[in-house]
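Welcome! Here is a short tour of one protein chain, taken one feature at a time. Please keep the view open as you read.

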Amino acid sequence: MSFQSILGNFALILFVLTVGTGIVWFLDVFFLSKQRRLAADKALAEFDARTAKLEADGIRIEQGKRAELEAGILRQPVWIEYSGSFFPVIALVFFLRSFLYEPFKIPSSSMLPTLFVGDLILVNKFEYGIRLPILNKKVVEVGNPQRGDVMVFKYPVDPTVDYIKRVVGVPGDKVVYKNKRLLINGKTLSYQTMSDFLDEEHLNYSKQYTENLTGVSHRILNDEHAPAFVRDPFNFPKRENCTYDSEGFSCVVPEGHYFMMGDNRDNSLDSRYWGFVPDQNIVGKAFFIWMNLGNIKRIGSFN
């Protein structure tokens, strides 16, 4: 693993920090602090003996010297003090983001109009099963992604990068995209026309529709000037499950994999190009916008 990959894996950094500070905390509580106590007791015994001798000779020792000596010996070294202080905080953060909720920031417009650039979202880490941190191996079955879920996952082309898209196809589904309309297992989804959507970042309008993805209604965007066909799809694993033509594509989702698409259909690099998302790449289900520094009205849940 390259240094850049390590920097990009915040979970790994947190894990290393948790283990490192935890080891220091453990050694201090069960070993180093006892050594300091023994050293202090020995020094105090010597101090008391010297004091008694000096007082016998009529020399008085300044009060507080004994307590100052004890405190100095018992004081933790700076590196141990900081490690012990940071350990519970780092461990708590590591636990929360590994097993409960993890924050993410939306980096692109591929999920417009559902998610905007700059949205800070929360991702449920246990919705799709309890997974071991770093390894991302599922150890407890809880549930599986459903059509319509907005999901964060490791980009199959580069697993150090997190992507967010909508689940369009689950294992066994036949996903067909013809002339910018989806068919799932032979059934055409229903669409309702809405008013055009203004992309304020790029200052252009897109056609906006409500799409009913087998019970989950959400908005999508289409660029009427963009072609329906997929331009230069990658040579991804299990590409033989897909066929492409001038009107779109057809894919059968293999077992243990999911087909993902962005809501901004003509401005999204998704499964149409780089293929299926394996189960081991799943991070969690996105469900709540907790902040957008440019527009606090964005705070809330979404479909």
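A disulfide here is a pair of cysteine sulfur atoms within 2.5 Å. The structure holds one: C242 is joined to C251, with an S to S distance of 2.0 Å. The link of C242 and C251 is right-handed, with 120 degrees about the S-S bond.

Before going on, please note that this is a predicted model, where local features need pLDDT of at least 70, side-chain atom pairs count only at pLDDT 80 or more, and totals for chains, interfaces and linings use all residues. Residues are numbered from 1 along each chain as its sequence is written, and side-chain values use heavy atoms, with hydrogens and water left out.

**What the record says**

UniProt positions are given in the numbering used here, with shortened feature names, and annotations may be inferred rather than shown by experiment. An unreviewed UniProt entry places "domain: Peptidase S26" at residues 80-291. Helices (H or I, at least four residues) and strands (E, at least two) are DSSP runs, numbered from the N terminus. Over residues 80-291 the chain is 12% helix and 43% strand, and the end C-alpha atoms lie 36 Å apart. The unreviewed entry also lists residues 6-27 and 79-100 as "transmembrane region". Residues 79-100 are 100% helix and 0% strand, with 30 Å between the end C-alpha atoms.

**Two sheets**

Two strands pair if DSSP finds at least two bridges between them. Eight bridges join β10 and β11 (residues 204-213), and F197 stands opposite S206 in β11.

Another open sheet has five strands, in the order β9-β8-β7-β14-β13, and its pairing is antiparallel. Its edge strands are β9 (187-188) and β13 (242-245), each pairing on one side only. β8 (residues 181-184) meets β9 through two bridges, and the bridge partner of L183 in β9 is T188.

**Pockets**

On a 1 Å grid over the protein atoms alone, a pocket is an open set of points where a 1.4 Å probe fits, with protein on both sides within 12 Å along at least five of seven lines; lining residues have an atom within 4 Å of a point. Grid points are joined across faces, edges and corners, and a volume is the space filled by probe spheres set on the points. In the table, Ala, Val, Leu, Ile, Met, Phe, Trp, Tyr, Cys and Pro count as nonpolar, Asp, Glu, Lys and Arg as charged, and the others, Gly among them, as polar.

| Pocket | Volume | Lining by class |
|---|---|---|
| Largest pocket | About 970 Å³ | 22 nonpolar, 13 polar, eight charged residues |
| Second largest pocket | About 260 Å³ | five nonpolar, four polar, four charged residues |

Of the 43 residues lining the largest pocket, K154, P159, V161, D162 and V283 are the closest to its centre. Of the 13 residues lining the second largest pocket, the closest to its centre are L112, F116, V117, E200 and E201.

**Backbone details**

L112 is also joined to P113 by a cis peptide bond, with omega about 5 degrees.
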